[in-house]
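Please consider the structure shown here. The paragraphs that follow lead through its packing and its sheet.

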Amino acid sequence: FVFANWRGFSGGQRDMFDEVLKFGARIVDGLVAFKRPVFVYIPPLAELRGGAWVVVDPTINADVMEMYAAEDARGGVLEPGGLVEIKFRDKDLKAAMHRLDHDLRALDARLDEAHARADSGTAADLRNQIDAREKHLLPVYTSVAVHFADLHDAPTRMKAKKAIRDVVPWRAARRFFYWRLRRKLQEIDLAPAGIPEEAYPAVDFRDDRAVVAALEADPGPANALRLAARAAALADDLVAAALHPDALLKHALDRIQDPDHRRAVRAALDAAALGAAPQ
């Protein structure tokens, strides 16, 4: 279990001196080779950002890793303030003001009329009023932009983008992970490739507790899937072995009926192989 609450790596001199990236890479290497269930949970009021997200991202080992978040957790590469500075700068905020604010729209219309009359004095006065209105509205629009960016880091949005598997409230976390762990352990032992719903048509696969009960009561379909997977892997190994050059050569020689002819072909092939070998 990983309770994730990291704001990422700064990438500064201290992090480089402490070998933060090196140890982060070691964590990734360990997760890649891990064979048992790994649950990453972002607790309430916690956040997972930047390089820290990369280290525990479920795509590192999707077969065993799953990520969840509490209802008021946050996660994303950039924090909302940093995202606004990049994607919604002052010029974009001002464009939104002129599109939405009635006073600015009226001032823009009067400014266009002043330019049409070539009235430079009135135009200058209107530009000053526009600048003052923009400065007055900028903090409000910046706050709205930050809140809008924060909505993209909410658990519901992370689930919609499939960055996490589900939203798990803190009060229900212990019970949820207990049954989820039992289910994952049984699935990994019985059918690592996953158990299709058709194997247990009467079971609601959204309910981990029901799946655990079904597997414990009747592991037959899951065992059949496990044996079928092993048989398929064995067949693939046999096909790969049969396609090996030595196997193909042996098969061709066995089809020669005359023993003397077969020995002559074998001797010629051995001589050719010795002649082609590097000195």
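Beyond the neighbours within four places in sequence, Ile 42 is in contact (heavy atoms within 4.5 Å) with Ala 4, Glu 47, Leu 48, Trp 53, Tyr 68, Ala 69, Ala 70, Ala 73 and Arg 74. The model is predicted: local features need pLDDT of at least 70 and side-chain atom pairs pLDDT 80 or more, while totals for chains, interfaces and linings use all residues. Numbering runs from 1 along each chain as its sequence is written, and side-chain values use heavy atoms, leaving out hydrogens and water.

Ile 42 also belongs to the largest nonpolar core, which has 26 residues; Val 40, Tyr 41, Ile 42, Leu 48, Trp 53 and Met 67 have the most contacts inside it. Such a core is a set of buried Ala, Val, Leu, Ile, Met, Phe, Trp, Tyr and Cys residues joined through side-chain atoms within 4.5 Å, and buried means under 20% relative accessible area with a 1.4 Å probe, protein chains only. At least two residues of this core come from each of β2, α3 (50-55), β4 and α9; β2 gives the largest share, five residues. Helices (H or I, at least four residues) and strands (E, at least two) are DSSP runs, numbered from the N terminus.

The open sheet has four strands in the order β1-β2-β4-β6, paired in parallel, where pairing requires at least two DSSP bridges. β1 (2-3) and β6 (166-167) stand at the edges with a single partner strand each, so one side of each lacks a neighbour in the sheet. Between β2 (residues 38-42) and the parallel β4 (residues 65-69) there are five bridges, and Phe 39 stands opposite Glu 66 in β4.

Methods
Buried < 20%, exposed > 50% of the residue type's maximum accessible area, 1.4 Å probe, protein only.
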